[in-house]
Each structure stands twice: as structure tokens, then as C-alpha cells.
Amino acid sequence: MRKITFFLVLSFQFIQLCVNQELPKYSLTDVPLVVDIDSVEYIPLKTGYVRYLPLETNRDCLIGFADKVLIRNNRIYVADFSSRTMALFVFDMTGKFLFKIARVGKGPGEYTSFRDFDIQTNGDIYMFDHFGKKFLIFDAAGKYLEELRVDYSFSYFTLAKDKMYWSRLSEYGKMYANLAVYHIPGKKTEFLLNNKINLNDNKLSLDFTSYGFYSSPNGMVYYSPRFSEIIYSIDHNGVHPAIGIKNLQIPPEHVIKEWVEKKYEFAINSDERYFKENVHIYETDRYTAFKCINKKTIESITILYHKQSESFYAIPNFFYGMDLGIDNIRGSIGEYFFGMVRLNPDYKEHRKILETREELTNWKEEDNPVIVIFDIEI
């Protein structure tokens, strides 16, 4: 699989110039890696290296829910977006708590809705306030530097040298695009991926898009639209088709419109006839892994691409839970994936881990989550 490196160096300036520049209409013939979902082989797996890393717990660093976790520059960043917490917690690679950023409010240097964050190569922290339509920027030690206001709201963002990529770009409730890029030198915003259907219609009340960005080592960022058979990679040169999946049962447009017209919260997830999206897309030195959500009536499946053999495999759904205690991969660092778990002694799999792992000897149920760093062996 080709390697794409992107460097995070960003100056910041916004203007009102916007253009509509659609992504090319890629097909599976344009994608360097393609897997047939109907023929992928289930294989027995085992874990190689495994390390359980308890995060320090004290009154200053109580994590309610770990919405997003990044490991960058030998630091662990855990974001809790919940309304009760809305804070970013920073730990070192031993699990020691370093500091947190919690500046909830409406004044200068404060945010009202912490939605996403990313880290520059120099360690600067960018925290996005969705409702306030602004970034708060802090240095690597957590010192506040500046506030940067923007003209739009969006769900997620990622930094890519002289560009920023945004998902689900909107303003005052009006949806503009599912993917947009802001060019720093050219001072313009491009709408790259428009809505599959008109989400601005008053009848349409459901959120059909997740469109998160999935960061991996060496500056790799993956991005997968809902109902798309193509997973994209993003770097400072643009958006590229990276992985294609054959034989997905993708819903036709009239079915999506039917879901909308039903106007109930779980219209999409209750219909298991169709593929929905690819999530948890991460890469290590040896593997690329992603979860394929809903294919016909089959449960979600994790696909693993082994670079050396150039082969795709399927990972049984119970693998992570039985062997590691985690639900999903949450990220990757070099040769390892990582996940996160709140261990519960009432579960026999968790109890076994607690009884056999020396690094968890002093861990208690009320403590912060545990980072699980691991490798996979085929």
C-alpha cells in the first residue's frame, strides 16, 4: 500500500471566498487496493505484544467518557465532549497525568461546546468550539495562546500542512457540504463533497453523516463517507482513493429518502438490509484495519489488510473483546494499534485480564480507563 506523508504546519486566516469543487467521481477501478467483501477469509488471530497502561486517576483528571483519543509526540490526549466535563486530558506514556484543558464559558479564551481537537507537529493543541465557531489554541504545555474565529461550524476537522479539512460544513443550520477544504495561501474554501440528498429540506430531520477523520502514523488520515464503497486518504496534496470494497449492499437514493420520510431517530440503523459506513480506519507498519458497518443482515466486520502478503482478512467480532477486553481499535502508533477499556470484574474476560496482568495490580473499578497497546499476529 502506498505511503502518504503529511506534515502539520499551519498558519490561520479565514475569508468569505467559497467555491464548489466536487471530488472526481471515483470508481473501484481508480482505487489501488480493492477487497471483495463476499470472499474475504476469516482467519484465527493471536495478539503479539500487549501492554495495559492505566491512566492516573485523581480529582483533577476524572474522565467521564473518552470520546476521542490521540497518541502524539509521546503523549496521550483524551477528549471528553460530554456537557458535564468538556475537557481535554493529557497524560505521558507511563499514564501519568500532566494537565487538562477545561475552559468552559463565553468569555475570551473560553468555549461553549468542545467538539473536536487535533495536534500540530510542534505540539500545539487546536480545540474546536462548535457552537462558538472558533478554535482555541494552546501550546504543548497547555498554555493558552490565541483564539481563532471561523465562519462555519463543522463536525470534525484535521490539519494538513497549509490546509484544513472539515466534515459536515454548515452555517446557521444550513448544510453546505459533507467535506470541505480551506486553503491557507489561496484564502478560499472548497466544498468537496455535497450531500447525497437535500438535508436542508424541512422534512429531513435525521443526521445521515458521520464523516470522521481517522489518524494513523506517518501523517496518514483516512476518511470514509457514509454509503461509499471507497475509503479515502488525505494529505496536504489532497484527497485520494485508498481502499475499495466490492459487493457492498449500498442503499439506492430512493431508500435513503424513505428513511428520511419516516422521521424517527433510528431509521437508518433499524434497516439492516444495507451497508452503512466504514469506521475505525487505522494503519500500523504492518496492517491497515477498518470496520465495515452493516452488510445485509450480517453484523459489523473488521477487515485487516496485511501489507507483506498484500492480502485481506476478516477478524471475528469477538476477537478484541475476548483477547484484549476492548470493543474497537481507537488508534495506532507506529507498529502497534491501541484501544481503551474500563475493566469490569463482573465480566470473565476482564476478570482474567485483571488477574494475569501485573501492570493492573493496583487498578480499581472507579479509576480512569486503561489504554491497551497491542500488535496482531497472523
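Leu33 has Ile243, in strand 20, as its bridge partner. The model is predicted, so local features are given only at pLDDT of at least 70 and side-chain atom pairs only at pLDDT 80 or more, while totals for chains, interfaces and linings use all residues. Residues are numbered from 1 along each chain as its sequence is written, and side-chain values use heavy atoms, with hydrogens and water left out.

Strand 2 pairs with strand 20 (residues 238–246) in the parallel sense, over 4 bridges. Pairing requires at least two bridges found by DSSP between two strands. Strands (E, at least two residues) and helices (H or I, at least four) are DSSP runs, numbered from the N terminus. In general, strands of a sheet pair through backbone hydrogen bonds, either parallel or antiparallel.

The chain as a whole contains 4 helices and 27 strands. Of its 378 residues, 56% count as buried. Buried means under 20% relative accessible area, exposed over 50%, and partly exposed in between (1.4 Å probe, protein chains only). Among contacts with a separation of 6 or more, 55% involve residues 24 or more positions apart. Contact here means heavy atoms within 4.5 Å.

The structure holds 10 salt bridges. The criterion is a side-chain nitrogen of Lys or Arg within 4 Å of a carboxyl oxygen of Asp or Glu. One of them joins Arg72 to Asp118, with the closest N and O atoms 3.2 Å apart. This pair links distant parts of the chain. Arg72 is in strand 5 (residues 68–72) and Asp118 in strand 9 (residues 114–119), 46 residues apart. Asp118 is buried, at a relative accessible area of 2%.

Glu377 and Arg286 form another salt bridge, their closest N and O atoms being 3.2 Å apart. Glu377 lies in strand 27 (residues 370–377), and Arg286 in the loop between strand 21 (277–283) and strand 22 (287–293), so the pair ties together parts 91 residues apart in sequence. Glu377 is partly exposed, at 25% relative accessible area. Arg286 is also partly exposed, at 31%. A further salt bridge connects the side chains of Glu359 and Arg357 (3.0 Å, N to O). Glu359 is partly exposed at 31%, and Arg357 is partly exposed at 25%. Lys134, Glu147 and Arg149 are linked in a salt-bridge network.

Ser155 occupies the loop between strand 12 (144–149) and strand 13 (156–160). Ser155 is buried, with a relative accessible area of 5%. Its side chain makes a polar contact of 3.1 Å with that of Arg168. A polar contact is a pair of N or O atoms within 3.5 Å; within protein, one must be able to donate a hydrogen and the other to accept it, and residues adjacent in sequence count only if both atoms are side-chain atoms. Apart from neighbours within four places in sequence, Ser155 is in contact with Arg115, Asp116, Ser167 and Arg168.
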